[in-house]
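Hi,

Here's the structure I promised to pass on.

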Amino acid sequence: RYDKDREEEGKVRPSGSLNFKWDLTSQTTLNATILPDFAQIESDPFTLNLSRYEVWLDERRPFFLEGKDIFRMSDFGQGKGFYYPLNIFYSRRIGKSINGEPVPILAGLKLTSKSEDWNLGALGAYTDSLGYLEDDTLATIEPRRNFGVMRVRRKILETSDIGMLFSGTMADKDNYNYAFGLDGAYRSGVNQLILQWALSDRNKKTGWAISSAYFGLVKDFLVLGTLDAVQDSFDVDDIGFVPWVGMKKFMFGCGPFRTYPKGFVRNLLIAPVIVVIQEPGSKNWSKLAGFVINPNFRNYWGFNLEFSAGQYFKEGIDYFLRSISLSVWGNGTNYHTNFGSNYKYSYNYNREFLAYQGSNWFWVGYNAIPRTHLSLSLDNWVEWDTLNTIIAVTNKATPRIDFAITEVMNLGIFNEFVTEIPATNLSKTELTSNRVGLLFSWNFLPKSWLYIALNDHREQNEDGKLELQNQIGAIKAKYLLYF
């Protein structure tokens, strides 16, 4: 491994790891890892964050991915993005990255058990300290930490459930962060009601949060709503993901939902929406009105069109927010695609002024020939200044190819390009970041794998040239022992 901040240590830094998995029963599994090496994991994709809130990063590490559905509070699942549960456990906090350098994980242990009526989980991890030398003195950025998570969920009323979740981390008696949550989900057909409550304690600062949501049909009307209140002193920064501390929000939408047995349209939703929100740090309440149009067609295409506008109050800021968003999806025999746009007038926290901003995205996956899957992801961010002049355009393109060499051998290659265009001057386009990744995997025996991974990340330096940030090559073997 090569890291530009550790050139004095040499360019090659070999490492090793031990991973164990025991299937104690058909429903109970114990996983253990010592000095885990996640070199075969792709780096997180680039994103331009213009908001005041932290970006959610998906978990990519195998140890934390397996059984992850047990260690989370209730939600509606995929496809219903209007609700964000209280994530008092966020696995990316374990071994998090600080200034581009991951905190080393020394060991981890996880026990999961699923049955018809119960979901149980326990997770523990221990991370090393992270620091740097300054004038021959070691400055500690992150101390050694213990992490612990416990989750119990019980099925009731056939399709509903209740549960509790405890999460915590501690460096010492004066540096800790604990959270405890209770949640329940009532389900009856398409109708779902979620209730959540959580309590946090971070270094003797305590706080609470509540969250609830409803999604369902009342005769021919689709009804959806959320209610959230997060106390100013609620804090799970070291163990969870609830960045909107101090926020109070109410959202309600209701409109006719029609299903058509014949014709081009399969179903159609048209619904007005109202949102009342008090942003952290603001004493005033923002009131927004919106509209949603959502048709799904029989050819497996569809789109979602949303409008919203209203007087908005943030800490020290008062303005008239307006937003329009369009998302289109389509599925065919050999392809899947999703693309859309979002444009709004809001506060640009990256540049600290009110202005228009927009984002566009496009993704397509295509099975060109047998055993070969091609995909292309394009993202684009546009920023205006206070005079409504475009001042920057940021683009990201990620082509990828996945090739199934055999039924048990796979090869994946991708390249992420990030470019910036000052104003709209295409002739001055600059390549600011480039990431290349390759992963070969061979499932040579049941639950036994061989990985060969290469990752290379370069970013633009002060001279305008791409400079190597991180370069990793790894060979990893996983072998299942029977005893």
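D128 sits in the loop between β7 (118-127) and β8 (130-134); strands here are DSSP E runs of at least two residues, numbered from the N terminus. Is D128 buried or exposed? With a relative accessible area of 18%, D128 is buried, since buried means under 20% and exposed over 50%, partly exposed in between (1.4 Å probe, protein chains only).

Before you go further: this is a predicted model, where local features need pLDDT of at least 70 and side-chain atom pairs count only at 80 or more, while totals for chains, interfaces and linings use all residues. Residues are numbered from 1 along each chain as its sequence is written, and side-chain values use heavy atoms, leaving out hydrogens and water.

pLDDT is the predictor's confidence in each residue, from 0 to 100. The chain's mean is 90, and 92% of its residues reach 70 or more. Over residues 1-13, though, pLDDT stays under 50. Where pLDDT is low, the predicted coordinates should not be read in detail.

Now the hairpins. β12 (residues 175-188) and β13 (residues 191-202) run antiparallel, joined by 12 bridges (strands pair if DSSP finds at least two bridges between them). G189, in their turn, has a positive phi of about 65 degrees. β13 also pairs with β14 (residues 205-218), antiparallel over 11 bridges, and W197 stands opposite I210 in β14.

Cheers

Note on methods:
Contact means heavy atoms within 4.5 Å. Helices (H or I, at least four residues) and strands (E, at least two) are DSSP runs, numbered from the N terminus.
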